[in-house]
Each structure stands twice: as structure tokens, then as C-alpha cells.
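Here is a short report for a first look at this structure. Please keep the view open while reading.

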Amino acid sequence: ILVCRYRPRGVARARETWDAWWKELGPSPALHAAAYGKRGPAIDFAEYRRRFCAEMAVDPGRFYLRALAGRLERPETITLLCSSACTDEARCHRIILRELALAMTGRGTSR
């Protein structure tokens with residue numbers, strides 16, 4: 001599942017490697033800009049996490065987060081994909097999404 005706000009440039013639809021694009025599970029345009037320092041100094045990851053979690057607590061993020069949690073409860077493998085600009089998984093919203101979705105299933109953040 002592609003979970004970035006913006007569709008990758010230069011990838012023809014016929015060459016997409018993902019089954020679904022849930023841009024609602026990506027950070028809002030404002031949070032994305034704050035994380036990359038586009039309108040001032042970049043925010044730290046703790047602030048990013050706090051703001052991202054707040055975004056996922058309201059619709060439409062919450063709706064898609066519940067759908068992701070529902071898919072985790074089935075016996076299927078799910079890979080969360082992000083932009084190629086995201087080079088540090090430990091500082092990516094995918095790790096936060098995983099934690100939030102697992103918490104919804106009652107499995108916490110264990111692997």
C-alpha cells in the first residue's frame with residue numbers, strides 16, 4: 001500500500017508496484033512541509049509524531065487507519081510504501097502507522 005501524500009513522479013500507472021494508494025495515510029501537506037522545513041526550520045521527529053498522530057485521530061485518516069488495522073487482522077502480508085525521498089525508516093510515518101494500526105488490533109507494537 002502506497003501511503004505517501006503525493007503520487008511519485010515519473011512512474012507510469014502501468015508500472016506501479018503497489019496495489020493501492022491511500023494518500024490519506026500520509027502526512028497532510030502542512031505537516032509534510034513542516035517536516036522538510038519548507039516554511040521555516042524543519043520540525044523534530046517527536047513533534048512530527050505528535051502532529052501525525054493527531055491527524056490520524058480524525059477522518060479521513062482514522063477511516064483508512066481502521067481499514068489498515070482490519071487488513072492486519074487477516075492472514076496477509078502488507079508492505080507500506082513511501083516516497084523514495086524517505087531514506088530513514090525510523091523517522092518515517094510508516095513506523096507510526098504500523099504502531100497505530102497494531103494498537104487498534106490489540107497487538108500493540110510487537111512484531
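A crossing is left-handed if the near helix is turned anticlockwise from the far one by less than a right angle, and right-handed if clockwise. Helices are DSSP runs of H or I with at least four residues, numbered from the N terminus.

## Model and confidence

This is a predicted model, where local features need pLDDT of at least 70, side-chain atom pairs count only at pLDDT 80 or more, and totals for chains, interfaces and linings use all residues. Residues are numbered from 1 along each chain as its sequence is written, and side-chain values use heavy atoms, with hydrogens and water left out.

The chain has a mean pLDDT (the predictor's confidence in each residue, from 0 to 100) of 91. Of its residues, 97% reach 70 or more.

## α3 against α4

Helix α3 spans residues 61–72 and helix α4 spans 93–105. They pack at about 70 degrees, with axes 8 Å apart. Axes are lines fitted to C-alpha atoms over the stretch in contact, and angles run from 0 to 180 degrees between N-to-C directions. The pair is therefore roughly perpendicular, a label for 65 to 115 degrees. α3 passes α4 in a right-handed crossing.

Contact means heavy atoms within 4.5 Å. On the α3 side, the contact includes R62 and L65.

## Two loop residues

P60 sits in the loop between α2 (45–56) and α3. A cis peptide bond joins D59 to P60, with omega about 5 degrees.

A42 lies in the loop between α1 (29–35) and α2. C-alpha to C-alpha, A42 and P60 are 25 Å apart.

Note on methods. Angles under 35 degrees count as roughly parallel, over 145 as roughly antiparallel, 65 to 115 as roughly perpendicular and the rest as oblique.
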